[in-house]
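Have the structure open beside you as you read.

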Amino acid sequence: MIVVSSFWAYPQCYSQFDSSSTGWNESESEYHARMKWWDDARLGMFLHWGIYSMYGGEYNGTDYGKEVGNASAEWIYLRANIPREEYRKTALAFNPVLYDPADWVKMAMDAGMKYMVLTAKHHDGFALFETRASEWDIIDASEYKKDLIKAYVDECHKQGMKVGFYYSHEKDWFHHAKNMRDRRPLSQDYIKLAETQLRELLTRYGKIDILWFDTPVNEHVEFNRLCAALVRKYQPECIISGRIGNNLGDYQNFGDRQVIDPGKEGYLESIMTMRLNWGYDQNDSYWKSSDELISMVSKSACRGSNFLLNIGPKPDGSFPPEDRTRLKALGKWIKDNGEAIYTTQGSPFSKEHSWGSFTYSQEKQKVFLHLFGWTGGDICINGIKTRITKAYFLDDGGTVGFDQDVANSKININLPADSRNGKLRIIALDLSGNLDTDPVNGPDYVPPRIHHLNRIKIVGTIKTHENCEFEFVGKIVSTNDTGFEIDQEEEKTVKLSLNDYVRYRINEKGIIRRVSGFDLIDGE
């Protein structure tokens, strides 16, 4: 099996909340006041955790994780077509004895996160909280028999962390329809279940700051309005994610694992995984480096976007050490550079410089140059008209020389040839007044897009090869609405090359064998 990359993006859904659809009355100033803490926060932690974590991405010797081109580890109930009763038995064994919400929240705070979002109910319909709507929950269907959500919320409140729930309102493979997307009218039983569970989440645990909905179906507009209205009724200050559907959210969500492009307006959120899968996957070794994650945080802030970083805890409630290492590195960097991230605005320009971009604080009258593209040597800033009084590195306070041409909106920053081992550094510019920009003479660099790639799976044979270059003849495997794979009739020839970023494994008689190198043979 060869896996080839292609891009798929989520539809963009956002507007200020439509008060006419739910009877919610909120002025524009009240809306912006409600969004302020979220806009200032810039950094959050996403947590995908549930019964799917027990499988670690594998079922009956087959890997269903993102790293081999499948949907993602948390989709295993659907994609592996696990029988309902077998999935129930797995739930009975779910007993996260190492779950320590105090440690979870502290780890997030030490990494610089300002809010957390935990999957209260994912697509498999299993509730991590006690619910009257169904027995498919942590109390009735698992060995643990304690409300995981309550402990999480209590600890967030105790440590001063903004608290959020992920709730899969549309996809529910246990109570609704076990398929990819169902546009048929929802049953009254399912609507009642979702309404009951949302009411429980919104009324039992005290203040809730975010309700993160997902996978909307815009044909179900009345249902989406009902979900939004419940949030507005019981938690009027709570922020709703854009993925509720029908432009009912408070901010824009874009594609999975995608850092938002420069030039977007409004309240924005980039969501990214620590590795490839959202849920825990025992075979996913594609951890992003600490430097890459730091760069993504920096770029998101420069583009006026929050950055929600996902981790998939192990089924026992612990975190892989690789996650902790990266969070620790992020926290160390944030400690030195957080002033350029929190409570800042992104660059007003739709393009960037090759060396990076900037955030700014009108209150502090400062511009922060994020050198995420800098490789050493002097840099030029185009488009800033306000006079600069001082320039210095945020991490050590070292002053930086500069020359400014106010008439042509240009600033030359004198930097050393050494980029300090590639570590992302930030330069603070003290302004003589409010930031004034020149849109005509601004930056003109178009950065490459940062997003995850879904894969096209092709099954067939190698036609010809030479070293790492080869031609592959086969049929593309697509996924139908019920989540099952179908081989297309037409064969295609694809030219590919293997490199350091391509890995594969062999499933031999139900045993997954890792392959350290590769041996391509014509006709196989």
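## The nonpolar cores

The largest nonpolar core holds 98 residues, and M113, I149, Y152 and F165 have the most contacts inside it. Helix α7 gives the most to this core, with seven residues. Apart from it lies another core, of 22 residues, which includes F349, I388, F393 and L431. A nonpolar core here is a set of buried Ala, Val, Leu, Ile, Met, Phe, Trp, Tyr and Cys residues joined through side-chain atoms within 4.5 Å. Buried means under 20% relative accessible area, exposed over 50%, and partly exposed in between (1.4 Å probe, protein chains only). In soluble globular proteins, nonpolar side chains tend to be buried together.

Let us look at F165. Not counting residues up to four places away in sequence, F165 touches V117, L118, A120, I149, Y152, V153, L201, Y205, I208, I210, L211 and W212; contact means heavy atoms within 4.5 Å.

## About the model

This is a predicted model, in which local features need pLDDT of at least 70 and side-chain atom pairs count only at pLDDT 80 or more, while totals for chains, interfaces and linings use all residues. Residues are numbered from 1 along each chain as its sequence is written, and side-chain values use heavy atoms, with hydrogens and water left out.

The protein chain has ten helices and 26 strands. Helices (H or I, at least four residues) and strands (E, at least two) are DSSP runs, numbered from the N terminus. Of its 524 residues, 57% count as buried. Among contacts in the chain between residues at least 6 apart in sequence, 70% join residues at least 24 apart.

## A covered strand: β2

How many of the residues of β2 are buried? Five of its five residues are, and the strand is mostly covered. L43, M45 and L47 point one way, whereas G44 and F46 point the other way. In a regular strand the side chains alternate between the two faces of the sheet.

Strand β2 runs parallel to β12, joined by five bridges, and L47 has I311 as its bridge partner there. With β5, strand β2 pairs in the parallel sense over four bridges; the partner of G44 in β5 is Y115. Two strands pair if DSSP finds at least two bridges between them.

## An antiparallel sheet and its helices

Five strands form an open sheet in the order β13-β14-β15-β20-β17, with antiparallel pairing. Its edge strands are β13 (345-346) and β17 (388-393), each pairing on one side only. Five bridges join β17 to β20 (residues 426-431), and A391 has L429 as its bridge partner in β20. Helix α9 (residues 290-302) lies across β13, β14 (357-361) and β15 (366-370), running at about 60° to β14. Axes are lines fitted to C-alpha atoms, for helices over the stretch in contact, and angles run from 0 to 180 degrees between N-to-C directions.

The buried residues of α10 include L327, L330, W333 and I334. Its buried residues pack against β2 (43-47), α5 (101-110), α9, β12 (305-311) and β20.

## Residues in loops

S142 sits in the loop between β5 (115-121) and α6 (148-159). Is S142 buried or exposed? S142 is buried, with a relative accessible area of 1%. Its side chain reaches the backbone oxygen of I138 at 2.6 Å. H169, in the loop between β6 (162-167) and α7 (188-203), counts as buried at 0% relative accessibility. A polar contact of 3.2 Å joins the side chains of H169 and N224. A polar contact is a pair of N or O atoms within 3.5 Å; within protein, one must be able to donate a hydrogen and the other to accept it, and residues adjacent in sequence count only if both atoms are side-chain atoms.

R257 has a phi near 55°, a positive value in a residue other than glycine. R257 lies in the loop between β9 (252-256) and β10 (258-259) and is buried at 3% relative accessibility. S409 has a positive phi of about 55° although it is not a glycine. This serine lies in the loop between β18 (401-405) and β19 (410-414), and S409 counts as buried at 1% relative accessibility.
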